[in-house]
Amino acid sequence: MQKRVLSGIQPSGELTLGNYLGALRRWVSMQDKNESYFCIVDLHAITEPQDPQDLRRRTRDIAALYLAAGLDSAKSIIFVQSHVRAHSELGWILNCMTPMGWLERMTQFKDKVAKGSAERVSVGLFDYPVLMAADILLYQAHLVPVGDDQRQHVEFTRDVALRFNHRFGDTFTIPEPLIGDTGARIMSLSDPTKKMSKSDEDPSGTIALLDPPELVRRKIMRAKTDSGTEPRFDDERPGITNLLEIFSALTGKSRAETEAHFAGRGYGDVKRELADATITALEPLQREHQRYTDDPAELDRELRKGCERASVVAEQTLRDVQEKVGLR
Ligand code: TYM
């Protein structure tokens, strides 16, 4: 049986190598065998302040990157979350069935609150996992390919679905997170104890997918490493471990093969080869991205088509839920 797959990325910053290796690249290989839905989650992006023009530009930009990376609208349904109203509507219904305590336990929310004051954090940010549950459950997805940081949100979605099914009868498919063996947690180049993140204010730690080759090389050559000399995966040495991890994910080599590849060589060699491998991987992506960016009308047509196809499926689930809850 074909499985249904759903995943998404927030247009809250420029996409990074972490987004590519942890998510986007893996989606491309899944679309041949599965019924796949990939969205740009703009409603999630506005849980934190966004400049309206930037948000609009990034939404298109990410759509162009999805296509440039190899997502194909003949195989996958590619759409913008806010275009399909059922996401907000199911989100509200699920809100009313979700205990506050479940959301208070979400580590990503706790981290964000720890960084800013609780006064400035929006209700939307607190509630964000419920909207993510709606994204997944509307399409009855079996599999959710994500990076490691989203594991807890998919587990939360399972809990929401199980609770609903228990109370109202079988309604939602219980989804599973699908997390890669390599590349699921790419760390910042300037602080390898922190995740590489598109919302990082320090650009030196982040490789953006559209960074020009010279900049990619400079950032990698300046990446923070530790005092060791031998390139090995080692929890005590997060800097070199992160560079080796990126190399493994980009080249498809296992960790053991990567260590063997660099045996007897120094950190400088790792950085040079990693810069080459990254530039080579990004070159076709950047070229194709430009092609889609040059034709925004075509991009909009793709997104309109995606919205129409996604809406049919989403509306069906929403109607079922409304009936079960007593709203119809
Ligand atoms: P977002 O936009 O933060 O990230 C998009 C995807 O990229 C992965 N990722 C990483 N993987 C490896 N290393 C990193 N440093 C790294 N940074 C990000 C994320 O795990 C994710 O897979 N809440 C989600 C978006 C979302 C979603 C959904 C995902 C909304 N609805 C439904 C799946 C299904 C988010 O903020 O991802």
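A: Residues up to four places away in sequence being set aside, Thr206 touches Thr16, Met196, Ser197, Asp200, Asp211 and Lys219, where contact means heavy atoms within 4.5 Å. The model is predicted, so that local features need pLDDT of at least 70 and side-chain atom pairs count only at pLDDT 80 or more, while totals for chains, interfaces and linings use all residues. Residues are numbered from 1 along each chain as its sequence is written, and side-chain values use heavy atoms, with hydrogens and water left out.

Thr206 itself is found in the loop between strand 5 (176–178) and helix 9 (213–221); helices (H or I, at least four residues) and strands (E, at least two) are DSSP runs numbered from the N terminus. Thr206 counts as buried because its relative accessibility is 9%; buried means under 20% relative accessible area, exposed over 50%, and partly exposed in between, with a 1.4 Å probe and protein chains only.

Another threonine, Thr59, belongs to helix 3 (residues 52–69). Thr59 is buried because its relative accessible area is 10%. Apart from neighbours within four places in sequence, Thr59 is in contact with Pro11, Ile40, Asp42 and Val80.

The ligand comes next. Its shell, in which a residue is near if one of its heavy atoms lies within 4 Å, comprises 27 residues, of which Tyr128, Asp135, Asp149, Ile186 and Lys198 come nearest. Strand 1 (4–9), helix 1 (17–30) and helix 7 (123–138) each supply at least two residues of this shell. By class, the shell holds twelve nonpolar, ten polar and five charged residues; Ala, Val, Leu, Ile, Met, Phe, Trp, Tyr, Cys and Pro count as nonpolar, Asp, Glu, Lys and Arg as charged, and the others, Gly among them, as polar.

A polar backbone atom of Gly18 is 3.1 Å from a nitrogen atom of the ligand. An oxygen atom of the ligand has a polar side-chain atom of Asn19 at 3.1 Å. For Gly147, a backbone N or O atom lies 2.8 Å from an oxygen atom of the ligand. Taken alone the ligand exposes 700 Å², and the protein buries 97% of that; accessible areas come from the Shrake-Rupley method with a 1.4 Å probe, and for residues only the protein chains shown count as cover.

Helix 7 also contains Leu138. Leu138 counts as buried because its relative accessibility is 0%. With neighbours within four places in sequence left aside, Leu138 is in contact with Ala86, His87, Leu90, Val313, Ala314, Thr317 and Leu318. The C-alpha atoms of Leu138 and Gln316 are separated by 8.3 Å, although the two residues are 178 residues apart along the chain.

Ser122 is placed in the loop between helix 6 (107–115) and helix 7. Ser122 is partly exposed because its relative accessible area is 29%. A polar atom of the Ser122 side chain lies 3.0 Å from the backbone nitrogen of Leu125. Between the C-alpha atoms of Ser122 and Met30, 92 residues apart along the chain, the separation is 35 Å. Gln140 is in the loop between helix 7 and strand 4 (143–145). Gln140 has a positive phi of about 55 degrees although it is not a glycine, and Gln140 is buried, with a relative accessible area of 15%.

In another loop, between helix 10 (238–251) and helix 11 (255–261), lies Gly252. Gly252 counts as exposed because its relative accessibility is 62%. The C-alpha atoms of Gly252 and Thr182, 70 residues apart along the chain, are separated by 8.6 Å.

Finally, the cysteines. The structure holds zero disulfides, a disulfide being a pair of cysteine sulfur atoms within 2.5 Å. Cys39 is in no disulfide, and the nearest cysteine sulfur, that of Cys307, is 12 Å away. Cys307 is likewise in no disulfide. Cys39 is buried, with a relative accessible area of 1%, and Cys307 is buried, with a relative accessible area of 15%.

Technical notes: A polar contact is a pair of N or O atoms within 3.5 Å; within protein, one must be able to donate a hydrogen and the other to accept it, and residues adjacent in sequence count only if both atoms are side-chain atoms.
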